[in-house]
Amino acid sequence: MRYRLTFAIGLAVGYVLGTRAGRERYEQLKKSARAFAENPAVRNTAESAAQQGRHFAGKAYHTVSEKVGDRVPESVAQRVRSLRERSAHNGGAEDDWGTSNT
C-alpha cells in the first residue's frame, strides 16, 4: 500500500510539473508562430501565392468548361453554365477567397 501511495504522489507531482513545462513550451511556440505569421515578408508571399492560385484556378475553370462542357451530364453542364453566368454578371470581379479580415 505504501508503494502505491508513493507511486501515486510521484505521478501527481510529475503530471503537475510536466503540464506547467508543457504549457510554457506551448505558449512559447504559439508566440513564435504568431511572430512568423505577422512578418511582412511572409504575409506578402502568402498573399501573392493566393492571388496566383486564384488566377490559375480561373484559367483552369474556363479551359475545362470550354473543352468538356458538352460532354458531361446535363446536371453538371447546367451548374457550369450558372457559374459562368454568375462570373459574367460580376464583371469578372475578384472574389475575397483566401483573404482574411483580421
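This briefing walks through the main features of the structure above. It is a predicted model. The protein chain holds three helices and zero strands, and its elements run α-α-α from the N terminus on. Of its 102 residues, 4% are buried.

**The surface**

- The accessible surface of the protein chain comes to about 9,200 Å², and carbon and sulfur atoms account for 59% of that area.
- Look for Leu-5, Ile-9, Val-13 and Leu-17, which together make a nonpolar surface patch of about 380 Å².
- One member of that patch, Ile-9, is found in helix 1, which covers residues 2-37.
- As a general point, an α-helix has 3.6 residues a turn, so residues three or four places apart point the same way.

**Helix 2**

- Helix 2 spans residues 40-68 and has 29 residues.
- From its first C-alpha to its last, helix 2 reaches 41 Å, close to the 42 Å expected at 1.5 Å a residue.

**A closer look at Arg-54**

- Arg-54 lies in helix 2.
- Its relative accessible area is 15%, and Arg-54 counts as buried because that value falls under the 20% cut-off.
- The side chain of Arg-54 also makes a polar contact with the side chain of Glu-47, at 3.5 Å.

Conventions:
Residues are numbered from 1 along each chain as its sequence is written. This is a predicted model: local features need pLDDT of at least 70, side-chain atom pairs count only at pLDDT 80 or more; totals for chains, interfaces and linings use all residues. Side-chain values use heavy atoms; hydrogens and water are left out. Helices (H or I, at least four residues) and strands (E, at least two) are DSSP runs, numbered from the N terminus. The expected span of a helix is 1.5 Å times one less than its number of residues. Patches are made of residues with over 30% relative accessible area and no salt bridge: like charges are joined within 9 Å, nonpolar side chains (Val, Leu, Ile, Met, Phe, Trp, Tyr) within 5 Å. Accessible areas come from the Shrake-Rupley method with a 1.4 Å probe; for residues, only the protein chains shown count as cover. A salt bridge is a side-chain nitrogen of Lys or Arg within 4 Å of a carboxyl oxygen of Asp or Glu. Buried means under 20% relative accessible area, exposed over 50%, partly exposed in between (1.4 Å probe, protein chains only). A polar contact is a pair of N or O atoms within 3.5 Å; within protein, one must be able to donate a hydrogen and the other to accept it, and residues adjacent in sequence count only if both atoms are side-chain atoms.
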